[in-house]
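These are my notebook entries on one protein structure. I wrote down what I looked up, entry by entry.

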Amino acid sequence: MTTMELLPLVWFGIIGFGVIMYVLLDGFVLGIGILSGFAHGEHERDIMMNSVAPIWDGNETWLVLGGVGLLAAFPPAYTVLLPALYLPLSLMLIALIFRGVAFEFRFKANRPLGWNMAFNLGSIVATFCQGVTLGAIVQGIDAEGAQYVGGAFDWLSAFTLLTGCALVAGYALLGATWVVMKTSGVLQAKAYGWSRMLLTSVIVFMALVSLYVPFLDGNYAERWFGFPHALLMVPFPLAAIAVSYGLYWSVAHRHEHLPFLLSLAMFVVGYAGLAASFWPHIIPPHLTIWNAASPPETQGFLIVGLGFLLPFILFYTGWSYWIFRGKVTRDMGYH
């Protein structure tokens, strides 16, 4: 394999790693925001938000890494993706800002009701828009070379609305299992109930999305049902079934850490299954990672810079979670 063939593979892996890190780490924080609307009073809401207060604002680092990496390593994909998804991406950024401001201000407010609603609504809208964006990429984007040739609302379809709702349920599941792990007593018991209910919803959504994807494009159908490609895809649904069973079992037996870890695993399996559906396209059905790649000199230079930066990001992230490990109470926030 030549350098021109290898570097796009490496960058695809880096961007994919950045995106899944964002989904896993910010997913449960957004899930806390979604579930905050179901908390009973400020006492429970304070505990839930204190559990993520020390670590939540570093998660956007991974979102920036994914976006900047796409711009630098695959500029044609970036120039197609942005105009195709202006509306959901703009709404997502506005909602993330809204949610971040609400998170900080509610701890200082005498009447936090408005900030609570802003945090809850911002989390739901940001999550839904991320799910719609993912669904729009999977269903395909019309392009000629590096130019988007579709309309302003081509992203809007039954499939993208389905993936938007699915991600809201998925992030809420991550949030519920995080609350199980970080709290105790009445709130933890309530979180076990949320986890059980949300897991059922997520399984239904995963089944619907999995059944829908092969009908979006003939290549997807061939990959999932054609021989011998289907043999390579079989591990994904089997892994999803195994993880789902383990999650049900761990919640039913009141494990504290295992439900959250298995929820993360469920996202990794789903993410890998979707990526395998449209590989090697970065923007299906037209742009592959090789015909969307920037010159090898650019990609090589960026990898050197990232080689210095990425270890620091990983160390800071791991260190933060280690320092703030353990159960959380209402008076343990940093505010």
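Predicted model: local features only at pLDDT ≥ 70, side-chain atom pairs only at ≥ 80, totals over all residues.

**Entry 1: terms and basis.** Residues are numbered from 1 along each chain as its sequence is written, and side-chain values use heavy atoms, with hydrogens and water left out.

**Entry 2: cis peptide bonds.** I looked up Pro 280 and found this residue in the loop between helix H12 (258–278) and strand S3 (281–283). The peptide bond that leads from Trp 279 to Pro 280 is cis, with omega near 5 degrees. I then turned to Pro 285, which sits in the loop between S3 and S4. The bond from Pro 284 to Pro 285 is cis, and its omega is near 5 degrees.

**Entry 3: Thr 288.** I placed Thr 288 in strand S4 (residues 287–288). Its relative accessibility is 16%, so Thr 288 counts as buried (buried means under 20% relative accessible area, exposed over 50%, partly exposed in between, with a 1.4 Å probe and protein chains only). I listed its contacts, a contact being heavy atoms within 4.5 Å. Apart from neighbours within four places in sequence, Thr 288 is in contact with Pro 280, His 281 and Ile 282. I also recorded that Thr 288 and Phe 74 are 214 residues apart in sequence, yet 9.7 Å apart in space, C-alpha to C-alpha.

**Entry 4: Ile 141.** I found Ile 141 in the loop between helix H6 (113–139) and strand S1 (143–144). Ile 141 is buried, because its relative accessible area is 5%. Leaving aside neighbours within four places in sequence, its contacts include Val 80, Leu 81, Ala 84, Tyr 148, Pro 284 and Pro 285. Ala 84 is 57 residues from Ile 141 in sequence, and the two C-alpha atoms are 7.3 Å apart.

**Entry 5: Thr 163.** I asked where Thr 163 lies. The residue belongs to helix H7 (residues 158–182). Thr 163 has a relative accessible area of 8% and is therefore buried. A polar atom of its side chain lies 2.8 Å from the backbone oxygen of Gly 131. Beyond its neighbours within four places in sequence, Thr 163 is in contact with Gly 131, Val 132, Gly 135 and Val 209.

**Entry 6: Ser 51.** I located Ser 51 in the loop between H2 and helix H3 (60–73). With a relative accessible area of 5%, Ser 51 is buried. Not counting residues up to four places away in sequence, Ser 51 touches Ile 32, Trp 178, Lys 182 and Val 328.

**Entry 7: the second largest pocket.** I noted how pockets are found: on a 1 Å grid over the protein atoms alone, a pocket is an open set of points with protein on both sides within 12 Å along at least five of seven lines, where a 1.4 Å probe fits, and lining residues have an atom within 4 Å of a point. The second largest pocket holds about 240 Å³ of space, a volume being the space filled by probe spheres set on the points, which are joined across faces, edges and corners. I recorded 13 lining residues, with Met 181, Lys 182, Tyr 321, Arg 325 and Gly 326 nearest the centre. H7 gives the largest share of the lining, three residues, while H7 and helix H13 (296–323) each supply at least two.

**Entry 8: two loop residues.** Is His 40 buried or exposed? His 40 counts as exposed, because its relative accessibility is 61%; its place is the loop between helix H1 (3–35) and helix H2 (41–50). Arg 254 is in the loop between helix H11 (235–252) and H12. Although not a glycine, Arg 254 has a positive phi of about 60 degrees. Its relative accessible area is 44%, so Arg 254 is partly exposed.

**Entry 9: the whole chain.** Along its principal axes, the C-alpha trace spans about 55 × 40 × 35 Å. Of the 335 residues, 47% count as buried. Among contacts with a separation of 6 or more, 79% join residues 24 or more positions apart.

Terms used
Helix = DSSP H or I, 4+ residues; strand = E, 2+ residues; numbered from the N terminus. Polar contact = N/O pair within 3.5 Å; in protein donor to acceptor, adjacent residues only side chain to side chain.
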